[in-house]
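I opened my notebook to look up a few things in this structure. Here is what I was working from.

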Amino acid sequence: MAEKKAYPLRINAEVLTAAQKWADDEIRSLNAQIEYVLRDALRKAGRLPRDGSQLGSDEGSSA
């Protein structure tokens with residue numbers, strides 16, 4: 001598994017509430033949901049390595 005780094009995130013309260021609801025619906029922690037959404041956006045933008053190995057491989061698991 002790739003190394004995890006902490007990053008303080010300042011986020012709009014409405015966005016945070018919506019993300020928490022989405023995470024609950026997907027049975028993920030809020031942190032895992034944020035990482036999932038970021039990873040998906042990076043993949044769609046062509047910003048991830050082809051195999052995704054540099055960013056870990058726990059995309060589908062809940063944390």
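This is a predicted model: local features need pLDDT of at least 70, side-chain atom pairs count only at pLDDT 80 or more; totals for chains, interfaces and linings use all residues.

**Notebook: the helices and the loop between them**

I began at the start of H1, where Asn-12 caps the N-terminal end: one of its side-chain oxygens lies 2.7 Å from the backbone nitrogen of Glu-14. That is a polar contact, meaning a pair of N or O atoms within 3.5 Å; within protein, one must be able to donate a hydrogen and the other to accept it, and residues adjacent in sequence count only if both atoms are side-chain atoms.

Residues are numbered from 1 along each chain as its sequence is written, and side-chain values use heavy atoms, leaving out hydrogens and water.

**The overall count**

How many helices and strands does the protein have? I found two helices and zero strands; both kinds are DSSP runs numbered from the N terminus, helices being H or I with at least four residues and strands E with at least two. Of the 63 residues in the protein, 17% are buried (buried is under 20% relative accessible area, exposed over 50%, partly exposed in between, with a 1.4 Å probe and protein chains only). I also looked up contacts (heavy atoms within 4.5 Å): among those in the protein with a separation of 6 or more, 32% join residues 24 or more positions apart.

**Helix lengths**

The expected span is 1.5 Å times one less than the number of residues. Helix H2, residues 30-44, has 15 residues and reaches 21 Å from its first C-alpha to its last, close to the 21 Å expected.

**Between and after the helices**

Ile-27 follows H1 and sits in the loop between H1 and H2. Its phi is positive, about 55°, although Ile-27 is not a glycine. Is Ile-27 buried or exposed? Ile-27 is exposed, with a relative accessible area of 67%. After H2 I found Gly-46, whose phi is also positive, near 75°.

**Where H2 meets H1**

Which residues of H2 are buried? I listed Leu-30, Ala-32, Gln-33 and Arg-39. The buried residues of H2 pack against helix H1 (13-25).

I took a look at Gln-33, which has a relative accessible area of 1% and is therefore buried. Not counting residues up to four places away in sequence, Gln-33 touches Ala-19, Trp-22, Ala-23, Glu-26 and Arg-28.

Tyr-36 is in helix H2 and is partly exposed, with a relative accessible area of 25%. The charged end of Arg-28 sits over the ring of Tyr-36, 4.1 Å from its centre; this calls for NZ of Lys or CZ of Arg within 6 Å of the ring centre and within 35 degrees of the ring normal. My last entry is a distance: the C-alpha atoms of Tyr-36 and Ala-23 are separated by 9.8 Å, with the two residues 13 apart along the chain.
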